[in-house]
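Please open the model in a viewer and follow the stops below in order. Each stop gives a selection and then says what is there.

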Amino acid sequence: MSIQILGTGAYVPERILTNDELSTMVETSDEWITQRVGVKERRISTCESAAEMGAKAAQRALEAAGITADQLDLIVGATVSSDTGCPSMSALVQEQIGAHCPAFDVNSACSGFLFALDTAAAFIARGGVQYALVLGAERLSRILDWTDRSTCVIFGDGSGAFVIGKGENYLGSHLHTQGGDSVLSIPLGKGNSPFYEKEVEPLAVHMSGQETFKFAVKQISADLKLIAEQAGVEVTDFDWIVPHQANYRIIELAARRLGVPMEKFVLNLDRYGNTSSASVPISFDELARSGKLKKGDLIALCAFGGGLSSAACLIRW
Ligand code: UT7
């Protein structure tokens with residue numbers, strides 16, 4: 001499809017929560033989290049909403065792209081932890097950056113950014129949209145159960161954004177949903193209805209870690225092979241892979257299955273943990289600003305999470 005990335009940006013809040021500090025809150029240890037997940041510390045918002053963090057990443061992506069907010073024709077955001085059900089996170093970002101275009105959110109959990117990117121790419125291919133802002137922004141610390149050590153040690157807050165426009169650099173994409181709430185879900189709790197009689201789980205991330213783990217390894221491998229096939233290349237031809245930053249062991253196993261060296265995977269989960277839909281654009285932004293990218297590099301992006309969902313796409317730099 002006919003798009004290119006014009007600029008990227010990312011933002012994480014200042015407050016650092018280390019494994020050692022977390023070990024004073026729940027029964028865990030730096031050793032366990034480092035070995036089983038790979039996270040050393042994560043960023044936690046103390047006063048910013050998902051939209052406020054999203055607006056900061058968006059400003060940086062606009063600056064990198066060299067365009068102004070009023071030139072945007074579309075904003076598509078991804079989040080599972082917006083501070084408001086309405087307005088959408090994207091509508092709040094639109095106001096904060098001073099844009100005037102249509103803005104809406106998609107929700108596909110940790111795969112959300114890649115679903116949003118594909119949606120914006122389709123709008124550009126349809127015509128009528130020259131510049132689009134795509135972002136993932138999460139304040140997951142708001143929806144975690146801070147007494148559940150199997151989930152609260154994994155996640156962090158942050159945001160990442162792309163400005164995209166017409167081009168020829170989106171070589172393939174694949175979106176996958178395997179609907180169901182038994183493995184990973186974020187129920188929003190009972191709500192205010194005096195009429196609803198069903199028992200509902202409380203607001204929190206509910207996750208079967210091992211089931212999610214198996215799904216992730218399988219889907220990363222399958223999705224990356226699929227987009228390579230679409231583009232007529234081999235997975236081993238990818239110069240870089242920007243994966244969802246959920247667990248070092250997931251990435252290591254997928255790399256082994258694919259026969260791709262770990263050096264090709266962009267990793268920052270040790271510093272930020274799993275920031276859900278923000279994880280891929282934050283990692284991509286770090287790669288883009290690292291000076292390591294060469295013109296023509298093939299960069300694969302992949303993600304997985306609630307839905308269950310997974311997604312991948314291939315970009316030529
Ligand atoms: O973006 C959303 C996608 N989510 C993911 O990708 C998550 C995928 N899953 C995972 O990353 C891993 O399954 C976890 C990190 C969540 C858990 O790791 P695990 O190796 O699957 O551990 P486990 O759930 O099998 O638990 C092993 C042991 C248990 O103790 P017992 O029953 O063996 O005595 C747990 O109670 O580890 C215990 N445990 C912990 N111990 C210390 C679980 N969490 C912790 C903890 N600290 N934080």
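This is a predicted model: local features need pLDDT of at least 70, side-chain atom pairs count only at pLDDT 80 or more; totals for chains, interfaces and linings use all residues.

Residues are numbered from 1 along each chain as its sequence is written, and side-chain values use heavy atoms, with hydrogens and water left out.

**Stop 1: the domains**

Colour residues 2-168 as domain 1 and residues 173-316 as domain 2; such bounds come from an automatic or database domain assignment. The C-alpha centres of the two domains are 14 Å apart. Across the boundary, 49 residues of domain 1 are in contact with 43 residues of domain 2, where contact means heavy atoms within 4.5 Å.

**Stop 2: the nonpolar cores**

Select Leu 224, Phe 238, Ile 241 and Ile 250, which have the most contacts inside the largest nonpolar core, a set of 45 residues. A nonpolar core is a set of buried Ala, Val, Leu, Ile, Met, Phe, Trp, Tyr and Cys residues joined through side-chain atoms within 4.5 Å. Buried means under 20% relative accessible area, exposed means over 50%, and partly exposed is in between (1.4 Å probe, protein chains only).

Which elements give two or more residues to this core? They are α7 (209-231), α8 (248-258), β12 (298-305) and β13 (309-316). Helices (H or I, at least four residues) and strands (E, at least two) are DSSP runs, numbered from the N terminus. Helix α7 gives the most, eight residues. Domain 1 and domain 2 each supply at least three residues to this core.

Now centre on Phe 238. Leaving aside residues up to four places away in sequence, Phe 238 touches Leu 224, Ile 227, Ala 228, Val 233, Lys 264, Leu 298, Ala 300 and Leu 314.

**Stop 3: the largest pocket**

Select Cys 110, Phe 155, Leu 184, Val 205 and Met 207, which are the closest to the centre of the largest pocket among its 49 lining residues. The volume of this pocket is about 1100 Å³. On a 1 Å grid over the protein atoms alone, a pocket is an open set of points where a 1.4 Å probe fits, with protein on both sides within 12 Å along at least five of seven lines; lining residues have an atom within 4 Å of a point. Grid points are joined across faces, edges and corners, and a volume is the space filled by probe spheres set on the points. At least two lining residues come from each of α2, α6 (149-152), β9 (184-185), α7, α8 and β12. The largest share, four residues, comes from α7.

**Stop 4: salt bridges**

How many salt bridges does a search of the whole structure find? It finds nine, each a side-chain nitrogen of Lys or Arg within 4 Å of a carboxyl oxygen of Asp or Glu.

- Show Lys 40 and Asp 30, whose N to O distance is 3.1 Å. Lys 40 is in the loop between α2 (30-36) and β3 (41-43), and Asp 30 is in helix α2, 10 residues apart.
- Show Glu 48 and Lys 56, with their closest N and O atoms 2.4 Å apart. Glu 48 is buried at 12% relative accessibility, whereas Lys 56 is partly exposed at 35%.
- Show Arg 271 and Glu 286, at 2.9 Å from N to O. Arg 271 lies in helix α9 (269-272) and Glu 286 in helix α10 (279-289), so the pair ties together parts 15 residues apart in sequence.

**Stop 5: Met 89**

Go to Met 89, in helix α4 (89-97). Met 89 is buried, with a relative accessible area of 0%. Not counting residues up to four places away in sequence, its contacts include Ala 50, Gly 77, Asp 105 and Leu 135.

**Stop 6: backbone details**

Select Cys 86 and Pro 87, joined by a cis peptide bond with omega about 0°. Pro 87 sits in the loop between β4 (74-78) and α4. Another cis peptide bond joins Gly 307 and Leu 308, with omega about -15°; Leu 308 is in the loop between β12 and β13.

Finish at Ser 276, which has a positive phi of about 50° although it is not a glycine. Ser 276 lies in the loop between α9 and α10 and is buried, with a relative accessible area of 2%.
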